[in-house]
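Reader: Hi! I'm new to reading protein models. Could you walk me through this one?
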Amino acid sequence: MTLRVRDSTDADLPAITAIYAHWVLHGSASFEEVPPTETEMRGRREKVLSAGLPYIVAERGGAIVGYAYATVYRERSAYRFTAEDSIYIDPAHTRGGVGAALLGELIARCEALGCRQMVAVIGDSANAPSIGLHTRFGFQPAGVLRAVGFKFGRWLDSVRMQRTLGAGSSTPPVERTLSRAPSAQRPHQEPRDEQ
């Protein structure tokens, strides 16, 4: 079946919430330990969209099989040209090209917005699928924070990877509307305790 990547809608939130809940409960990609409610996920999505950043889904056969979004890497204004990606795949659809389709689209959209760097914050240095996916898309290792999370009775690392977008640091950036939006639409970064 054809895989389609598109903008997320409110109707996608039950599937998005279920996919994320699985990884919170069964994986180390997220350092959250209690799955957020659909209401909480709705608020998180609205913050991404109000910042003018992409929040997308992958759909196959009418079902949501993954989702991805970008946030500003950190809230302080000097970070406004650096995006952080987040990607979660339905566990029944891993290794089927979903992550690649989502990451490719996310990179393209962030470049079009004028972002110059993308950072991946990957939970667990043993998360070979995510590290491999980011490597295939040109991300380079940027460091490992050792044993900064404790989940499932073990210490977890946090892996940082980075990729240049567009002209990178070779030229000054062009100010974007979303970086200077009114406070209600200012770029928002989700809480740092999330991976």
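Author: Happy to! Let's begin at one residue: aspartate 124 is buried, with a relative accessible area of 6%. Buried means under 20% relative accessible area, found with a 1.4 Å probe and counting protein chains only.

Reader: Before I go on, what kind of model is this?
Author: This is a predicted model, where local features need pLDDT of at least 70 and side-chain atom pairs count only at pLDDT 80 or more, while totals for chains, interfaces and linings use all residues. Residues are numbered from 1 along each chain as its sequence is written, and side-chain values use heavy atoms, with hydrogens and water left out.

Reader: Thanks! Where does aspartate 124 lie?
Author: Aspartate 124 is in the loop between strand 5 and helix 4 (128-136). Helices (H or I, at least four residues) and strands (E, at least two) are DSSP runs, numbered from the N terminus.

Reader: And what does aspartate 124 touch?
Author: Not counting residues up to four places away in sequence, aspartate 124 touches Ser28, Phe31, Ile131, Arg154, Leu156, Asp157 and Val159. Contact here means heavy atoms within 4.5 Å.

Reader: New topic: how many helices and strands does the protein have?
Author: There are 4 helices and 7 strands. Starting at the N terminus, the order is β-α-α-β-β-β-α-β-α-β-β.

Reader: How compact is the protein?
Author: It is as compact as a globular protein of that length, because its radius of gyration is 16 Å, close to the 16 Å that the globule rule gives for 195 residues. That radius is taken over C-alpha atoms, and the rule is 2.2 Å times the number of residues to the power 0.38.

Reader: How much of the protein is buried?
Author: Buried residues make up 47% of the 195. In soluble globular proteins, nonpolar side chains tend to be buried together.

Reader: Last one: what is phenylalanine 139 in contact with?
Author: Leaving aside neighbours within four places in sequence, its contacts include Leu103, Ile107, Met118 and Met161.

Definitions and conventions
Buried means under 20% relative accessible area, exposed over 50%, partly exposed in between (1.4 Å probe, protein chains only).
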